[in-house]
Amino acid sequence: MFYRVRGTNAAPSGMALIPAGSFTMGNCMDPAEGNSDELPLHTVNVSAFYMDTNLVSYTLWTNVYQWATSHGYSFDNAGSGKAASHPVQTVSWYDVVKWCNARSEMEGRTPAYYTDAGLSVRYLTGQVDVQTNWVNWSSGYRLPTEAEWEKAARGGASGHRFPWSDADTINWSRANYYTYSPGYYPYDVNQTSGYHPTFHDGVFPYTSPVGYFAANGYGLYDMAGNLYQWCWDRYGSYSSGSQSDPRGPGSGSIRMLRGGGWGSYAIFCRPAYRGYSGPTSSLYYIGFRSVLPAGQ
């Protein structure tokens with residue numbers, strides 16, 4: 001299925017266009033199968049944007065990182081990857097926000113993140129608690145908001161448990177995750193427990209190459225499993241009212257993670273699941289992907 005938004009350019013290389021429109025955000029299945037913070041269900045209107053079709057690979061991370069560190073940027077973590085074609089991991093929220101700025105500058109784009117409300121000082125170094133009004137939302141690479149991420153993960157379909165719409169079950173043919181115990185989660189239909197057998201090779205961590213599994217309806221890969229993905233928002237409760245382009249609470253000490261990872265149970269791989277961690281976390285099960293405003 002293909003989508004077109006009038007007045008926007010073709011998607012940049014390696015990105016997919018996520019069309020503007022409304023969707024129902026939250027746990028649309030049995031309320032008992034998720035956490036309370038996945039509710040209430042609410043309608044969110046999201047403007048069109050582009051999203052990386054894949055998790056940022058170790059190769060892409062390294063290319064931008066090397067440019068960045070020779071152009072005034074500094075990072076807390078150098079990042080790591082099981083192989084060049086696997087996603088980068090062990091990167092903190094601060095790292096990936098600065099990396100997005102560097103990617104923008106490397107490509108001649110205006111960066112998104114700054115250290116002041118006047119958008120005059122680019123975010124290059126340190127651990128800065130970037131505020132919502134310190135972001136140029138109309139330019140440059142940045143992290144997706146929670147709402148953008150969930151809309152993208154659902155792939156244009158509604159009322160489903162996972163990023164695919166042909167079934168509400170999950171197995172190792174669809175994602176890289178951990179089966180807790182056969183039958184424990186009725187929608188996890190693997191017959192044995194443990195890590196994905198293809199990637200449980202004794203070489204920690206057990207990521208899979210980007211793009212290994214089938215894409216969802218928007219052409220996005222790994223929206224369930226492989227690595228959790230950093231989002232922009234601080235953690236907070238949902239509102240019951242309709243919203244347009246929400247960007248999360250204005251304060252808070254933790255940032256959102258979405259998507260589940262190679263060591264996650266099936267319940268954590270649902271698009272409705274809301275993970276979170278401190279922005280300094282740099283773990284083997286966390287990666288990210290970036291977005292651009294539509295038309296860039």
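These notebook entries record what I looked up in a predicted model of one protein chain.

**Entry 1: overall fold**

I began with the secondary structure and found 3 helices and 10 strands in the chain. Read from the N terminus, the elements follow the order β-β-β-β-α-α-α-β-β-β-β-β-β. I then checked the radius of gyration, which is 18 Å; the globule rule gives 19 Å for 296 residues, so the chain is as compact as a globular protein of that length. The C-alpha trace spans about 55 × 45 × 35 Å along its principal axes.

**Entry 2: burial, contacts and charge**

I looked up burial next: 53% of the 296 residues count as buried. For contacts, I considered residues at least 6 apart in sequence; 69% of these contacts join residues at least 24 apart. I noted 19 positive and 21 negative side chains, with the centres of the two sets 5 Å apart.

I turned to strand β2, residues 21–25. Its covered face consists of Gly21, Phe23 and Met25, while Ser22 and Thr24 form the uncovered face. In a regular strand, side chains alternate between the two faces of the sheet.

I examined the pairing of β2 with β3, residues 42–46, and found the two strands antiparallel and joined by 5 bridges. Within this pair, threonine 24 stands opposite threonine 43 of β3. Thr24 belongs to the uncovered face of β2, and Thr43 belongs to the uncovered face of β3. Asn45 is also on that uncovered face of β3, whereas His42, Val44 and Val46 make up the covered one.

I then followed β3 to strand β6, residues 243–244; these two strands run parallel and are joined by 2 bridges. The bridge partner of asparagine 45 in β6 is serine 244.

**Entry 3: glutamine 89**

Where does glutamine 89 lie? I located glutamine 89 in the loop between α1 (58–69) and α2 (93–106).

Is glutamine 89 buried or exposed? The relative accessibility of glutamine 89 is 1%, and because buried means under 20%, I recorded this residue as buried.

Which residues does glutamine 89 touch, not counting those up to four places away in sequence? I listed Gly79, Ser80, Gly81 and Lys82, together with Pro205, Thr207, Leu227, Leu283, Tyr284 and Ile286.

Technical notes. Residues are numbered from 1 along each chain as its sequence is written. This is a predicted model: local features need pLDDT of at least 70, side-chain atom pairs count only at pLDDT 80 or more; totals for chains, interfaces and linings use all residues. Side-chain values use heavy atoms; hydrogens and water are left out. Helices (H or I, at least four residues) and strands (E, at least two) are DSSP runs, numbered from the N terminus. Buried means under 20% relative accessible area, exposed over 50%, partly exposed in between (1.4 Å probe, protein chains only). Contact means heavy atoms within 4.5 Å. The radius of gyration is taken over C-alpha atoms; the globule rule is 2.2 Å times the number of residues to the power 0.38. Lys and Arg count as positive and Asp and Glu as negative; His and the chain ends are not counted. The place of a charge is taken as NZ of Lys, CZ of Arg, CG of Asp or CD of Glu. Two strands pair if DSSP finds at least two bridges between them.
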